[in-house]
Amino acid sequence: MRYSNMSKLSRLLKPLMPLLATAYAVALIYVTSMPLEGNVQTFSSELMSWVITLAGIGLTLFILIRFEQKWFPETRQFPLKLPKLSSLAGLMLIAPLCLTIEGYVVYGLTSMVHTVQLEPLTYTASELREDLLSSVHAVLLAPVLEELCFRQMAISPFRRRRTQIVVCMVIAILFGMLHVRNFPGAFFSAMLYGLVFILSRNIWYGVALHAGHNLTAVLLAIYCWLGLGDIQMAKTPVIFLSDAKVIVGSVILAVVGVSLIKKLTP
C-alpha cells in the first residue's frame, strides 16, 4: 500500500517538477541574496551569502539523493558522480567562446526588432573591487546551486530524450524570465547547459560551462579596467560585444579545451 501511494504521488509530481524545481531554486536564490541587500557590500555579507549558498547546495544534494532518486527511478540515468577535473577544465576553456558567440547572436536578433544602444564598457576601481568580491560566489557556488536545481532536479525525472528537451526549453524560458533584462542571453545559456546535461548525462559538465561563463565575465571586467581593449555593452537587453583580441583569445582557448577533452575521451 505504501509503495502504491508513493507511486501515485510520483506520477502526480513528475509533470510539475519543472515548476517545483524553479520555485525551489528561486526561494534558495532569494535566501542566499538576503545578506547582500543594501547599497554597500562587505566581506562579512559576502561570506554569509557563501555559507548560505553552501548550505543550499548541501540541502539540494540531500533532496536529490534521498528523495528524488527514490520517487523517480529515472533520475539514476543522470548520476551525480564527479568526472575528471581535467575534462571540466576543458569545458571551462570553451566557455569564453560560448559567451562571445552568445553576445553577437543576441545582438543580431535584438537588432532585427529595435536599435540596440551600445556604449564602451568601463570599470572604476570600486566597481571592480565589488565584482571581484562577488566573483567567488558567481564562479564557484552559484553555478553548482543553479545547475542542480534548474537542470538536475527539473530534467532528470523524465526518461525520454524528447521530453527532456521540451523540459529544458521550458526551464530556459523560466530561467530567462528570472534574469529580466538579460532574458535572451540567459535563455541561450540555459539551453546550452541543459543540452549539455542531457547529452552527457552528468550535471557537472554544465556546471563547468556555467562557471566558465561567469569567470569570463569577471576577466572581461579586469580586461576593461586595465584598458587593454574595447568591449561594447548594451543594457537592455544585457549584451557584451568582445573586441578582436578577445575573440581570437576565445578561439584559441576553445581549441585547447576541445583538444584536452578529446585527449581524455577513451
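Phe-150 is buried, with a relative accessible area of 0%. Its ring pairs with that of Phe-175 in this predicted model, and Phe-175 is likewise buried, at a relative accessible area of 4%. The structure also holds a nonpolar core of 44 residues, the largest one, and an open sheet of 3 strands.

- A search of the whole structure finds 7 aromatic pairs.
- In the pair formed by Phe-150 and Phe-175, the ring centres are 5.0 Å apart and the planes stand at 80 degrees, so the pair is edge-to-face; planes over 60 degrees apart fall in that class.
- This pair links distant parts of the chain, with Phe-150 in helix 5 and Phe-175 in helix 6, 25 residues apart.
- The rings of Phe-67 and Trp-71 have their centres 5.7 Å apart and their planes at 50 degrees, so this pair is tilted.
- Both Phe-67 and Trp-71 belong to helix 3, where a spacing of 4 residues places them about one turn of the helix apart.
- Phe-67 is partly exposed, at 31% relative accessibility, and Trp-71 is partly exposed as well, with a relative accessible area of 30%.

**Charged groups over rings**

- The charged end of Arg-66 sits over the ring of Phe-67, at 5.5 Å from the ring centre.
- A second case involves Arg-201, whose charged end sits over the ring of Phe-78, 5.4 Å from its centre.

**Nonpolar cores**

- Within the largest nonpolar core, of 44 residues, Leu-148 and Ile-203 are the residues with the most contacts inside it.
- Two or more residues of this core come from each of helix 2 (17-33), helix 3 (43-71), helix 4 (85-111), helix 5 (125-155), helix 6 (161-178), helix 7 (183-200) and helix 8 (203-225).
- Helix 5 gives the largest share of this core, 9 residues.
- Apart from this core lies another of 9 residues, including Leu-121, Leu-220, Tyr-223 and Cys-224.
- When neighbours within four places in sequence are left aside, Ile-203 is in contact with Leu-80, Glu-147, Leu-148, Arg-151, Gln-152 and Phe-197.

- The 3 strands form an open sheet in the order 1-2-3, and their pairing is antiparallel.
- Strand 1 (119-120) and strand 3 (238-241) stand at the edges with a single partner strand each, so one side of each has no neighbour in the sheet.
- Strand 1 pairs with strand 2 (residues 232-235) in the antiparallel sense over 2 bridges.
- Pro-120 has Gln-232, in strand 2, as its bridge partner.
- Strand 2 and strand 3 run antiparallel and are joined by 4 bridges.
- Gln-232 stands opposite Leu-241 of strand 3.
- A hairpin is formed by strand 2 and strand 3, with 2 residues between them.
- In a regular strand, side chains alternate between the two faces of the sheet.

- Thr-100 is found in helix 4.
- With a relative accessible area of 6%, Thr-100 is buried, because the limit for burial is under 20%.
- The side chains of Thr-100 and Ser-250 are joined by a polar contact of 3.4 Å.
- Not counting residues up to four places away in sequence, Thr-100 touches Ser-242, Val-246, Ile-247 and Ser-250.

- Arg-161 has its place in helix 6.
- Its relative accessibility of 36% makes Arg-161 partly exposed.
- Residues up to four places away in sequence aside, Arg-161 touches Ile-198, Leu-199 and Arg-201.
- Arg-161 and Leu-199 are 38 residues apart along the chain, and their C-alpha atoms are separated by 9.0 Å.
- Arg-201, touched by Arg-161, is also the residue whose charged end sits over the ring of Phe-78.

Note on methods
Residues numbered from 1 in each chain as written. Predicted model: local features only at pLDDT ≥ 70, side-chain atom pairs only at ≥ 80, totals over all residues. Heavy atoms only, no water. Pairing = 2+ DSSP bridges. Core = buried A, V, L, I, M, F, W, Y, C linked by side-chain atoms within 4.5 Å. Buried < 20%, exposed > 50% of the residue type's maximum accessible area, 1.4 Å probe, protein only. Contact = heavy atoms within 4.5 Å. Phe/Tyr/Trp six-rings, centres within 6.5 Å; stacked < 30°, edge-to-face > 60°. Lys NZ or Arg CZ within 6 Å of the ring centre and 35° of its normal. Polar contact = N/O pair within 3.5 Å; in protein donor to acceptor, adjacent residues only side chain to side chain.
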